[in-house]
Amino acid sequence: MTNQEVAKITLGENTFDFPVVQGTEGEKAIDISTLRSKTGYITIDEGFANTGACQSAITYIDGEKGKLRYRGIPIEVMAENSTFIETAYLIIYGELPTRKEMSNFSQKVLRNASLHEAMMHFFDGGFPFSAHPMAILSSLLNSVGCYYPYMVTNQREQDLEHFDDAAALLLSKVRTIAAMTYRMKNGLPLIYPKRDLGYSQNFLHMMFTEPYHEYYPHDDITKALDLILLLHADHEQNCSTSTVRMVASSGANLFASVSAGVCALWGPLHGGANMQVIQMLQEIHATGDDGTKFIERAKRGEAKLMGFGHRLYKTYDPRAIILRGAAEKVLNIVKLKDPLLDIARRLEEKARSDSYFIDRNLYPNVDFYSGIILKAIGMPLDMFTVMFAIGRMPGWIAHWREVASKPKGKISRPRQVYIGSPLRDYVKMRYREGEISSDYESDDHKSHGFGSSENASAKA
Ligand code: CMC
């Protein structure tokens, strides 16, 4: 929405007007899309900390106040009342489902749970055992589309026509691929999904059931996993979602776009942080530190307090507050006294009373406590970021659709400020290597400094 306000930018003697765009919650942005054509200037904003890349109706975050809402509904309310699958529906379609819509959607997700039998070969020598599950996940999410060619045409209208099927398929198969990846990597027989199990329960079944021993998770363990997925379901323009949107902006299909999202999520500054939190806590525990020495190292810039800090939140990440409570509950259920939870609590306490962290508004983020729950559930460390990816799938799907449905949507293509070498000559190899001295006169020499037609025409 454009509002009445006008932003004025003065460059030298000239002042230029730019419209102001206002969001539903009063957020304001200066629309500088005509800046270059009017002034010859572009803006530069490394890391896009001040750049709105789009207008979106999916998730609202107020980082200063610690608010997060899915389609207008506070995260705390969703966590208390909803499930991952209902949340996925809300995020993808914009409204809470009716009973019938919910039932149809769940059935559709369930029907898509198994993989095409030909895909099983990927788990039979298609990847080395040492392959990281995120590499496998990204490859197989892209590959799975190849089995449904009518869904991956890269023709917007046709891809959108099959969107409902593709969305349910990806939501379902991301979980099956993840579980089978774990089984394959550990040399375990692959376990197929079951018709009578819910989303998170089916995932735990495929992960932990043995041919000789059916795994029945405690209801509260299933709920804790479901909660983790729900809390990760969307988070507006984060690195992986922006990646999905960027890939989608070229007209690429949903499968290719979410596969790219997995790659972006993998990094330790993004989804990879949940794994690093546990590694950090284990290291602190192993050295007998109570967290004090680690905090000092972080303050000296020698280490990072993983699971702390966020580009948007300048207070507690609301997801971290929910997960801190859930972590204690899960440890009680599994009757586990995990020293890592005590270290995490101590780190949080110390950091929250230390001026380094206070001055920089560094608070625990979603990854700080989620790892403790995943560890208690029995999830191996290298699957942690995969859990984030399963959770984030509804958000990626919804954002792909927002991009693909926009009439006259533009391809994402930022500009740059070039800081490399100014125009220079192409020097042929024999001159670079000194085989022919630079003052040697020959026909060849005449051309040795004029490699580019741009240069030649400049000299003409
Ligand atoms: N430990 C110690 N210092 C930190 C930390 C941290 N975790 N995070 C930020 N800082 C410092 C940083 O060194 C900088 O200090 P200075 O002003 O003296 O240079 C200041 O705080 C601002 O940090 P920044 O790196 O400029 O902030 P950013 O917005 O670019 O980065 C972040 C955000 C999440 C990448 C960063 O806080 C971080 O690396 N945290 C640890 C990794 C992590 O937990 N990532 C998960 C994020 S939440 C899940 C998700 O959506 O991905």
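An oxygen atom of the ligand sits 2.9 Å from an N or O atom in the side chain of Asn 365. That is a polar contact, meaning a pair of N or O atoms within 3.5 Å. The ligand taken alone exposes 930 Å², and the protein buries 71% of that. Such accessible areas come from the Shrake-Rupley method with a 1.4 Å probe.

This is a predicted model, where local features need pLDDT of at least 70, side-chain atom pairs count only at pLDDT 80 or more, and totals for chains, interfaces and linings use all residues. Residues are numbered from 1 along each chain as its sequence is written, and side-chain values use heavy atoms, with hydrogens and water left out.

A polar side-chain atom of His 270 lies 2.5 Å from an oxygen atom of the ligand. For Arg 360, the distance from a polar side-chain atom to a ligand oxygen is 3.0 Å.

Now take the whole shell.

Turn next to a sheet. Its 3 strands form an open sheet in the order E4-E5-E6, with antiparallel pairing. Strands are DSSP runs of E, at least two residues long, numbered from the N terminus. Two of them pair if DSSP finds at least two bridges between them. E4 and E5 (residues 67-70) pair over 4 bridges. Ile 61 stands opposite Leu 68 in E5.

Note on methods
A polar contact is a pair of N or O atoms within 3.5 Å; within protein, one must be able to donate a hydrogen and the other to accept it, and residues adjacent in sequence count only if both atoms are side-chain atoms.
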